[in-house]
Amino acid sequence: MRILGLDPGLEHTGYGVLEVRGNAYTFVAAGRVSTKPSQPLPERLAVLAAGLQAVVAEYRPAAAAVEEVFVNKNMQSSLKLAQARAISLLIPTQAGVPVHEYAARLVKQSLVGKGNAEKAQVAHMVGVLLPACRSQALPPDATDALAAALTHAHHAGRLR
């Protein structure tokens, strides 16, 4: 089963793709779709949508996993992030890909064993579970997207 993980953000939305066969995970791809802060918000959302449509079309995932976002103290930032997150939920769904959402604490717990793990610990475990991605200079949002995909792989496997 191919899983697409997404880490929503207005400036950078990270994506990570992995293949799951039984208990074996294989790194397929990772990267991010980026927008320019100087662009108007509707154009930025259109760039995110087009970029994610291209990712879904290229990698043809069977499932998508998106990390739930937390609310910032800055309400404007939270609203913009929520709009980027909506694109991350919408695009796979429109392509017929089921989307699963995971709380940040659950992602950390699934990979590190602690819901309050640091980002560096999560990134380390992503590299342990997907050694092929260690040779890449992945941006943090792509690593977070792979973590979401791994969380779904873990929980989907338990459900099977």
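Colleague: Which exposed residues sit on the face of α4 turned away from its buried side?
Modeller: A120 and H124. Bear in mind that this is a predicted model.

Colleague: And which residues of α4 are buried?
Modeller: V122, V126 and G127 are buried in α4, which spans residues 119-129. They cover an arc of only 140° around the axis, which puts them on the same side of α4.

Colleague: Why would residues a few places apart in a helix point the same way?
Modeller: An α-helix has 3.6 residues a turn, so residues three or four places apart point the same way.

Colleague: Let's switch to the sheet. What's the strand order?
Modeller: The order is β3-β2-β1-β4-β5. These five strands form an open sheet with mixed pairing. The edges are β3, residues 24-34, and β5, residues 99-102. Each edge strand pairs on one side only. Neighbouring strands are turned by 20° against each other on average, ignoring direction.

Colleague: Parallel or antiparallel for β4 and β5?
Modeller: Parallel, with four bridges joining them. Strand β4 covers residues 63-67. A65 stands opposite H100 in β5.

Colleague: Which helix packs on the sheet, and what does it touch?
Modeller: Helix α1, residues 41-59, packs there. It touches β1 (2-7), β2 (12-21) and β3. The direction of α1 makes about 155° with that of β3.

Colleague: Now β1 and β2. How many bridges do they pair over?
Modeller: Six, in the antiparallel sense. L6 has Y15 in β2 as its bridge partner. The two strands form a hairpin, with four residues between them.

Colleague: How many bridges join β2 to β3?
Modeller: 10, and these strands also run antiparallel. R21 has A24 in β3 as its bridge partner. This is a hairpin too, with two residues between β2 and β3. G22 sits in the turn and has a positive phi of about 65°.

Colleague: How many residues of β2 are buried?
Modeller: Eight of its 10 residues are buried, so β2 is largely enclosed by the rest of the structure.

Colleague: Change of topic: charges. How many salt bridges does the structure hold?
Modeller: Four. One of them joins R2 and E19, with the closest N and O atoms 2.9 Å apart. R2 is in strand β1 and E19 in strand β2, 17 residues apart.

Colleague: Are R2 and E19 buried or partly exposed?
Modeller: One of each. R2 counts as partly exposed, at 25% relative accessibility. E19 is buried because its relative accessible area is 15%, and the cut-off for buried is under 20%.

Colleague: What does R85 pair with?
Modeller: Its side chain meets that of E101 in a salt bridge, 2.2 Å from N to O. R85 lies in helix α2, residues 75-94, and E101 in strand β5, so the pair ties together parts that are 16 residues apart in sequence. R85 is buried, with a relative accessible area of 14%. E101 counts as partly exposed at 40%.

Colleague: Why can charged side chains pair up at all?
Modeller: Side chains of opposite charge can pair when their charged atoms come close.

Colleague: Where does D141 lie?
Modeller: In helix α5, residues 140-159. D141 is buried, with a relative accessible area of 11%.

Colleague: And which side chain does D141 meet in a salt bridge?
Modeller: That of R32, at 3.4 Å from N to O. This pair links distant parts of the chain, with D141 in helix α5 and R32 in strand β3, 109 residues apart. R32 counts as partly exposed, at 37% relative accessibility.

Colleague: What else is D141 in contact with, leaving aside its neighbours within four places in sequence?
Modeller: Besides R32, the contacts are D7, H12 and G14.

Colleague: And how far is D141 from G16 in space?
Modeller: 9.0 Å, C-alpha to C-alpha. In sequence, D141 and G16 are 125 residues apart.

Methods. Residues numbered from 1 in each chain as written. Predicted model: local features only at pLDDT ≥ 70, side-chain atom pairs only at ≥ 80, totals over all residues. Heavy atoms only, no water. Buried < 20%, exposed > 50% of the residue type's maximum accessible area, 1.4 Å probe, protein only. Arc of directions from axis to C-beta. Pairing = 2+ DSSP bridges. Axes fitted to C-alpha atoms, helices over the stretch in contact; angles between N-to-C directions. Contact = heavy atoms within 4.5 Å.
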